[in-house]
Amino acid sequence: MIPKTFKEVIDLGDGREISIETGKLAKQAHGSVVVQSGKCMLLCTVVSNYKQADVDFLPLTVDYREKFAAAGRYPGGFFKREARPSDGEVLTMRLVDRVLRPLFPKDYHSETQVMIQLMSHDEDVMPDAMAGLAASAAIQLSDFPFECAISEARVGRINGEFIINPTRAQLKESDIDMMIGASADSVMMVEGEMNEISEEEMTEAIKFAHEAIKVQCAAQLRLAEAFGKKEVREYEAERADEDLAKKVHDLTYDKVYAIAKAGSAKHERSAAFAEIKEEVKATFSEEELEDFGDLVSKYFYKAEKAAVRDLTLNEGLRLDGRKTDEIRPIWCEVDYLPSVHGSSIFTRGETQALATVTLGTSREANQIDMPSYEGEETFYLHYNFPPFSTGEARPIRGTSRREVGHGNLAQRALKGMIPEDCPYTVRVVSEVLESNGSSSMATVCSGTMALMDAGVQLKKPVSGIAMGLITDGESGKYAVLSDILGDEDHLGDMDFKVTGTADGITACQMDIKVKGLSYEILVKALMQAKDGRLHILEKLTDTIAAPREDVKSYAPKIVTKIIPGEYIGAVIGSGGKVIQELQKETNTTIVINEDPDTEEGIVEILGTGQEGIDAVIAKIDALMFKPEVGSVYEVKVIKMLDFGAVVEYVEAPGNEVLLHVSELAWERTENVSDVVNMGDVFDVKYFGLDPRTRKEKVSRKALLPKPEGYVERPPRNDRGDRRGGDRRGGNRDRKPRRD
């Protein structure tokens, strides 16, 4: 018997709908839904253990996977099974996690797992835009302690009109691609890329998406009500001791405030805070610390957070002594590494990024193979965050989700400034060497300079800045912080990264930790970020004002040549023989792709020496050489035969033709060597295909004056004058052949 199902439908307002259904699949999960739009279907399940884990944080795992069967495809590679998540899947996990995590109670420590799976794919629906909706809807059907329903929506803009959850085809025409996560009353997460839009335009896009999210949140609540809203589970709350909290606060607040006000460096400040913490612990006995030492540490952190926030709100000062809108000292350098194609160092305060650029052919493009999208990137950026950058020693277990996310943000910030006619595949790698706040924005800045140092003709340079926010809900005070430190990120209410050119925003990433952030504060943060971006941009252009006119002498030059499709095989040769020998002889890399629309061949020639590139072009031109009837060409004798000479077109080496002995001179020629010899260079006239021999015909004598008294030989009779004919009396009648 098919179980009873419950369903809610969300109207997107343009004929499209999103449905949320529960009751049919995965009923042993604590909550499960199927979200569908068109033929795209996502299954989301949520489970949370009833026993609290022995940790002081929420062990939440958000997992998003796309099944290849959803698109009727097989996984690539040797093992035909889905394996580790792709970067695209990791980015979707991060988008959902960042909105869900703050809505669980701070003292809820049960192992919690959110699993979202793409079960059916639709080319016209981007599934990541519905992942947040699916996760929240499943949680609403569970008994988890969770503050409120949320959802996420993608917003695009085409010809000035905003669109919710545009298709991938529509995104190509859009100047905005933003994902917004929010509850019915608060925006909590923003991430995306833009084509140099203004701060006001970005705010309008967020407002537009928020209105759509309110409708999605209401649908979740209706579904939960119809399904039967569960009672929120009880869980073991954290220990609390108000008297102990007051004692720790009284012992530490003033001391922390004084150290915060001193404006010291990171390590000096951390050591001073650690010393105060030890002094507080010393006021308790060993037995007391064993009993409630964890509470002492917890309350010390609360007192430290309160002191640092109060310093900023009351006096406009920050941990390192800066004012709220002040940027840390910056120094930059380009061309630091002598062997790479482009490099730069960007240092801002105690954050430093070293960027490198590598130039290659289309063969080096980053291949994307996901059930929901297949394609390639000819510009991509990788971000590495080693533990020594924060003075730590910890194991390295592959690329972290954080590294994937920060690299993607920097890539989106820069990719719109790569010119459409850039012939190279461009890879940028950012090595974070020091970190104390916003290494992703340092990556954008160092990446900009490294690209210009490599000779990539950026449309405009891009800079980035991380903003922070401290608010006091009771008094209404707030402070927007420019260029935040790592500690300010942890202690503040907002982490807002924004990148752009002098003319507008190219990418952003925002996480808001307080409810009900007003658009007034958001706009102020954006405008203050603009001032900071322009200040940093000036430092970059002081270091390198414009892209180098050409790539470096040891960097590869690339030339692209279009050839008719019929010549692709000739350039490659049998078994790749021609192209392989040509690459070896010229020390170049040659890549040939076929344009699916025109069927033309796109030949990419990459080499460090111009001579080698020129030699490849000459060879290709030679292979495509077609002489015109009636034209005169210079040729060179390359082989002597009894009945003529084989000559090669000087302008197309490798193209050979037979110069018959009868076309050498007007006089009768007994020996070919009487007229020409090996290596001789002279002109010939091209006559096209000889109708009698069906071979190409060229003539030397046609360009020579006829000797005085020269008499043309009569044309041969088609039958009686040919060899093997009847020489005794012409053509005689023959008897009919017997069958």
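Me: Is Y253 buried or exposed?

Reply: Buried means under 20% relative accessible area, exposed over 50%, and partly exposed in between (1.4 Å probe, protein chains only). Y253 has a relative accessible area of 16%, so Y253 is buried. Bear in mind that this is a predicted model: local features need pLDDT of at least 70, side-chain atom pairs count only at pLDDT 80 or more, and totals for chains, interfaces and linings use all residues. Residues are numbered from 1 along each chain as its sequence is written, and side-chain values use heavy atoms, leaving out hydrogens and water.

Me: How many aromatic pairs does the structure hold?

Reply: Rings of Phe, Tyr and Trp (its six-membered ring) pair if their centres lie within 6.5 Å; planes under 30 degrees apart count as stacked, over 60 as edge-to-face and the rest as tilted. The structure holds 12 such pairs. In one of them, the ring centres of Y253 and Y257 are 6.0 Å apart with planes at 35 degrees, so the pair is tilted.

Me: Where do Y253 and Y257 lie?

Reply: Helices (H or I, at least four residues) and strands (E, at least two) are DSSP runs, numbered from the N terminus. Both tyrosines sit in helix α5 (residues 242-261), four residues apart, about one turn of the helix. Y257 is buried too, at 16% relative accessibility.

Me: Which charged end sits over the ring of Y50?

Reply: A charge sits over a ring if NZ of Lys or CZ of Arg is within 6 Å of the ring centre and within 35 degrees of the ring normal. For Y50 that's R233, 3.8 Å from the ring centre. K207 lies over the face of Y519, 5.0 Å from the ring centre.
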